[in-house]
Amino acid sequence: MASPQVRSPELRKDSVTKRWVVFSPARAKRPSDFKSKSPTTQSQQQQECPFCLGHEHECAPEIFRVPSSSGLPWKIRVIENLYPALSRTLGDPFAQNNNPNASGSVGQVLGGFGFHDVVIETPVHSVQLSDLSPQELGEVLLAYKKRIQQLATHDAIKYVQVFKNYGASAGASMSHSHSQILALPVVPPTVSTRLDSAKEFFHETGKCSLCEVRVEDLLIDESSHFISIAPFAASFPFEIWIIPRHHSSHFHELDDAKAVDLGSLLKLMLRKMSFQLNNPPFNFMIHTSPLQLPDSQLPHIHWFLQIVPQLTGIGGFELGSGCYINPVFPEDAAKVLREVHIPE
């Protein structure tokens, strides 16, 4: 019997990140056979978990809860991170940066001002994000929105990154379902690159690159207000982007109806990924616009949510070149995920 034909390697450049990706399917098994080698298992033990209901006193200070009434049991809590990467007490680093030795040929130094928060997505230890209903997931997304709006009142904050680490190998130090929010006094370089790329595409075409994204064989699923795709130059196997159908520059423009709609599609993607890929560790990130983006640039940039299952490692080539090797063509990944049937 003849062996199945293997597609030739390709290099693709992502129009959003400007990153080159090497697609090398000969390095992998069939796309449908891809499974996590270290599936995430969730501990049922909750006696020592500070995120569980009844252990609120063990956490850092609370910022707000949902619902807001103290007379009702909470469903979501947003708290300060007990071990923050940045300090919210230092003040504007640019106003304080008068040290002549703080910058030079080696680099620039700023005080580590910023905000680092935790979003506890459920009071129940055994419940994961994909277990929530679309309405409950929508409430988590609206909690992100509310916190971003609060952080936007600080003039020194330039960018807010919402992210979730699921599984120890994806960076999660707690098994209780939670996500994090980091507010920075600078615009990160990957965000600047995304802005520059979007501006370049807009000046060449007069259109937004994500509004014009060609889905065809890359489409996984869709809802009233969002589409989910395997990106054309996915850096990672089975990477997923969820993109608003209509142009939107800031995640915190999300309204209640769209939050529930996004919650439904996000739940479906997480369940498909878990079922097909053996419950892999994953990260998801919300790629939004800088808070103080000029109005003239709003037509260029389009926010999206990226989900990256941890199926392959990053080695010296990726670290040295900034290019990634992906063993699964996104068209193949999209087809596999499209055809996943979630058991009732």
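1. Strands here are DSSP runs (E, at least two residues), as helices are (H or I, at least four), and both are numbered from the N terminus; two strands pair if DSSP finds at least two bridges between them. Angles run from 0 to 180 degrees between N-to-C directions, and axes are lines fitted to C-alpha atoms, for helices over the stretch in contact.

2. The model is predicted: local features need pLDDT of at least 70 and side-chain atom pairs count only at pLDDT 80 or more, while totals for chains, interfaces and linings use all residues. Residues are numbered from 1 along each chain as its sequence is written, and side-chain values use heavy atoms, with hydrogens and water left out.

3. Leu11 has Val22 of strand 2 as its bridge partner.

4. A second open sheet has 10 strands in the order 3-4-5-7-6-11-12-10-9-8, with antiparallel pairing. Its edge strands are strand 3 (62–66) and strand 8 (219–222). Neighbouring strands are turned by 20 degrees against each other on average, direction ignored. Strand 10 (residues 240–244) and strand 12 (residues 304–309) pair in the antiparallel sense over three bridges, and Ile242 has Leu305 of strand 12 as its bridge partner.

5. Which helices pack at an angle of about 115 degrees? They are helix 2 and helix 4, with axes 7 Å apart. The contact (heavy atoms within 4.5 Å) involves residues including Leu137, Gly138 and Leu141 of helix 2 and Ala259, Gly263 and Leu266 of helix 4.

6. Buried means under 20% relative accessible area, exposed over 50%, and partly exposed in between (1.4 Å probe, protein chains only). In helix 6 (residues 330–338), the buried residues are Pro330, Glu331, Ala333, Ala334, Val336 and Leu337. Their cover includes strand 1 (10–13), strand 2 (20–23), strand 8, strand 10 and helix 4 (256–277).

7. A nonpolar core is a set of buried Ala, Val, Leu, Ile, Met, Phe, Trp, Tyr and Cys residues joined through side-chain atoms within 4.5 Å. The largest one has 51 residues, and Tyr144, Ile242, Phe251 and Ile307 have the most contacts inside it. Helix 4 gives the largest share of this core, eight residues. Apart from this core lies another of 10 residues, among them Val16, Leu218, Trp241 and Ile243. Beyond its neighbours within four places in sequence, Tyr144 is in contact with residues including Val119, Val162, Ile181, Phe251 and Phe284.

8. How many disulfides does the structure hold? There are zero, a disulfide being a pair of cysteine sulfur atoms within 2.5 Å. The sulfur of Cys52 is 3.7 Å from the closest cysteine sulfur, in Cys49, and is therefore too far for a bond. Cys52 is buried, with a relative accessible area of 2%; Cys323 also counts as buried, at 19%.

9. Is Pro237 buried or exposed? Pro237 is buried, because its relative accessible area is 1%. Pro237 is found in the loop between strand 9 (226–229) and strand 10. The C-alpha atoms of Pro237 and Ile325 are separated by 9.2 Å, although these residues are 88 residues apart along the chain.
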